Amino acid sequence: MTSPSFPLAQPGKVIAVHLSYRSRAEQRGRFPSHPSYFFKPSSSLSSSGDVLERPAGTELLAFEGEVALVIGTRTRRVSPEQGWAAVGGVTAANDFGVYDLRTADNGSNVRSKGGDGFTPIGPVVLPADGIDPDALRIRTWLNGVLVQDDTTAGLLFPFGQIIADLSQLMTLHPGDVILTGTPAGSSVTVPGDTVEVEVDAPGSPGSPSTGRLVTHITEGTVPFGDFGMKPSVDDNQRAEAWGNADAAGLAAPFELTDELKDRLNSVGTATLSSQLRKRGLDNVSIDGLRSTRPGARLVGRARTLRFIPNREDLFAAHGGGYNAQKRAFDALGPGDVLVIEARGERGTGTVGDILALRAQVRGAAGIVTDGGVRDLAAVAALDLPTYHSGPHPAVLGRRHIPWDVDVTVACGGTSVQPGDVIVGDADGLIVIPPSLVDEVVADAIEQEREETFVAEQVANGEGVDGLYPMNAAWTARYQAWLAGRS
């Protein structure tokens, strides 16, 4: 587990970063503003080729391929720019954890991540000299299938920042190990599986590599005793361990209830956009469109239709008969919003009065197209809000072929997937991933409540310094204002 130029001693500390890769943050829907950490015991270390038991009575042993930093010099209170100089070497690690024990840990990760063999590391430590810390690659294979593939260019927190942050409070000693977080793709492993992790530097001279860190999974046979909390799991832990509810076999249809619609309708798209941005989602607006009913709100679930550029032979095969466009409108249900990808092409219509009427009769909530609309006066007379890029008299065969339904589409500069929540008002259109709707709307309601208070104070002559955003004094007055309204 060593390279000739940098021996790895038994570390005094093993420190792990919770969430550090953008791909993982996007998968989890959480974007931390600063790194956070937990400890793993040095007794959890193991070597390449070792066997790891999944504890008896558990089901959710998850792997996390990671880049491990080995501290080379005694380090205390360094800056982020100085942090990398503290690293003596890098190697591969696998931060195994048993999600069944997270409840017992109450946030500490002591049992779920601290078991014997839960931190394989190696097999080779690469000297840090000559390695670009922003150009390391981390890959993980499960039974020979590549499941994680990312680079340190995707880190939310560079290595230097992590080391500087930790060294503010503790001395890092030579041999200490820092596990720097895992990218997207972490999932569950079962007895009989083999997990391999490799860290390499393809852009460095000689393309140095740690080699593959191999761990074989077997089933434990010794049950947990009655003198401690037993393993327990729920569907939330299953979804977290597998990576998402779909992978865990738990996907249930998201229901946009009337109560949730009312809450979404109570806040503006500007506020929703602000809340999504706080979660790292900037590209969630459908831009450049106008509505046939500018004063009407739009809230619904996305169904999608994709047009491709016209080619005469393809149009002959796909443009006539019961084509994708007709199927898309016939499939709409109550509360659906049909989102149409027309590539921003305004030189033809993508929907006319008959199909728009069909959508209204089916109970759809609205239509969104980044192409043109035929029969605009008739479409505008319907109760159905239709967002579009402009009127045009031509039929779709002039520019488009109806091609796919209920696939991921591009519309107005953003991506829309079937099932996304679409919200529209006079400010525009916002796309909200279903997994974020509850928390986004809750925080948006609170944001608008705070802004109502701020607006009242400004109307009464108060200045905005310290009020917007609120400092501690104004926050206390806001809480009193809330109490007085309840």
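**Close-up views of a predicted model**

**View 1. Asp234 caps the N-terminal end of helix α6.** A side-chain oxygen of Asp234 lies 3.1 Å from the backbone nitrogen of Asn236. This model is predicted. Helix α6 covers residues 235-242. Which residues of α6 are buried? They are Gln237, Ala239, Glu240 and Ala241. These buried residues pack against two helices, α1 (22-28) and α3 (102-105). They also pack against two strands, β5 and β13 (188-189). Just after α6 comes Gly243, with a positive phi of about 110°.

**View 2. Thr58 sits in a loop between two strands.** The loop runs between β4 (51-54) and β5 (61-62). Is Thr58 buried or exposed? Its relative accessibility is 6%, so Thr58 counts as buried; the cut-off for buried is under 20%. Leaving aside residues up to four places away in sequence, Thr58 touches Val98, Asp100, Phe224 and Pro231.

**View 3. Strand β10 pairs with β11 and with β14.** Strand β10 spans residues 137-142. Of its 6 residues, 5 are buried, so β10 is largely enclosed by the rest of the structure. How many bridges join β10 to β11? There are 6, and the two strands run antiparallel. Strand β11 covers residues 145-151. Look for Thr140: it stands opposite Gln148 in β11. The hairpin of β10 and β11 has 2 residues between the strands. In this hairpin, Asn143 takes a positive phi near 55°. Now turn to β14, residues 194-200. Here too, 6 bridges join the strand to β10, and the pair runs antiparallel. Find Trp141, whose bridge partner in β14 is Glu196.

**View 4. Helices α13 and α14 cross at roughly 105°.** Helix α13 holds residues 437-459, and helix α14 holds residues 472-485. Two packed helices are described by the angle between their axes and the distance between the axes. The axes of α13 and α14 come within 11 Å. At this crossing angle, α13 and α14 are therefore roughly perpendicular to each other. Which residues of α13 meet α14? They are Glu446, Arg449, Glu450, Thr452, Phe453, Glu456 and Gln457. Their counterparts in α14 are Trp474, Arg477, Tyr478, Trp481, Leu482 and Arg485. By class, this contact has 5 nonpolar, 2 polar and 6 charged residues.

Definitions and conventions: Residues numbered from 1 in each chain as written. Predicted model: local features only at pLDDT ≥ 70, side-chain atom pairs only at ≥ 80, totals over all residues. Heavy atoms only, no water. Helix = DSSP H or I, 4+ residues; strand = E, 2+ residues; numbered from the N terminus. Buried < 20%, exposed > 50% of the residue type's maximum accessible area, 1.4 Å probe, protein only. Contact = heavy atoms within 4.5 Å. Polar contact = N/O pair within 3.5 Å; in protein donor to acceptor, adjacent residues only side chain to side chain. Axes fitted to C-alpha atoms, helices over the stretch in contact; angles between N-to-C directions. Parallel < 35°, antiparallel > 145°, perpendicular 65-115°, else oblique. Nonpolar A, V, L, I, M, F, W, Y, C, P; charged D, E, K, R; others polar. Pairing = 2+ DSSP bridges.
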